[in-house]
Amino acid sequence: MREQDYVDRAKLSPARTFKSPMDVVQANDLEPAEKLAMLKAWEVDERALLRAEDEGMGGGEHAHLHKVQAALDHLRQELSLVGAPGHTRARCS
């Protein structure tokens, strides 16, 4: 049950659980779907933070949406490599 609490907390507030979005990608104790859910939640939080900054409600933490998007891209690339039998690298479209 403790493991599930950790995952549930991380899905709700990934920035409080992980130091950086890439830490989510590199976590060995999480399933790919859990990582994706956490990074998507982190992305939503970062977009909200950007909106607040745009509306002059800054003064707190600065948004790092680019780091979350880079981590999402990295995870998606890893998942595409896993899903491509016989392929050792991603193909360019």
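1. Helices here are DSSP runs of H or I with at least four residues, strands are runs of E with at least two, and both are numbered from the N terminus. In this predicted model, the secondary structure of the chain comes to five helices and zero strands, and along the sequence the pattern reads α-α-α-α-α.

2. As for the chain overall, 27% of its 93 residues count as buried, and its accessible surface comes to about 6700 Å², with 51% of that belonging to carbon and sulfur atoms. Among contacts between residues at least 6 apart in sequence, 45% join residues at least 24 apart.

3. Helix H5, which runs over residues 65-82, has 18 residues and reaches 26 Å from its first C-alpha to its last, close to the 26 Å expected at 1.5 Å a residue. Its buried residues are Leu65, Val68, Ala71, Leu72 and Leu75, and because these cover an arc of only 125° around the axis, they lie on the same side of H5. What covers these buried residues includes helix H3 (21-26) and helix H4 (32-54).

4. A search of the whole structure for aromatic pairs finds one. The rings of Tyr6 and Phe18 have their centres 6.4 Å apart and their planes at 55°, so the pair counts as tilted; the cut-off that matters for this label is that planes under 30 degrees apart would be stacked and those over 60 edge-to-face. The pair links distant parts of the chain, since Tyr6 belongs to helix H1 (residues 2-12) and Phe18 to the loop between helix H2 (14-17) and H3, twelve residues apart. Phe18 has a relative accessible area of 10% and is therefore buried, the limit for that term being under 20%.

5. Which residues does Trp42 touch, leaving aside those up to four places away in sequence? Trp42 has its place in helix H4, and its contacts, counted in that way, are Pro14, Ala15, Phe18, Lys19, Ser20, Pro21, Val24 and Val68.

6. Trp42 is itself buried, because its relative accessible area is 5% and the term applies under 20%. Trp42 and Ser13 are 29 residues apart in sequence, yet their C-alpha atoms are 7.2 Å apart in space.

Notes. Residues numbered from 1 in each chain as written. Predicted model: local features only at pLDDT ≥ 70, side-chain atom pairs only at ≥ 80, totals over all residues. Heavy atoms only, no water. Expected span 1.5 Å × (residues − 1). Buried < 20%, exposed > 50% of the residue type's maximum accessible area, 1.4 Å probe, protein only. Arc of directions from axis to C-beta. Contact = heavy atoms within 4.5 Å. Phe/Tyr/Trp six-rings, centres within 6.5 Å; stacked < 30°, edge-to-face > 60°. Areas by Shrake-Rupley, 256 points an atom, 1.4 Å probe, with all protein chains shown as cover.
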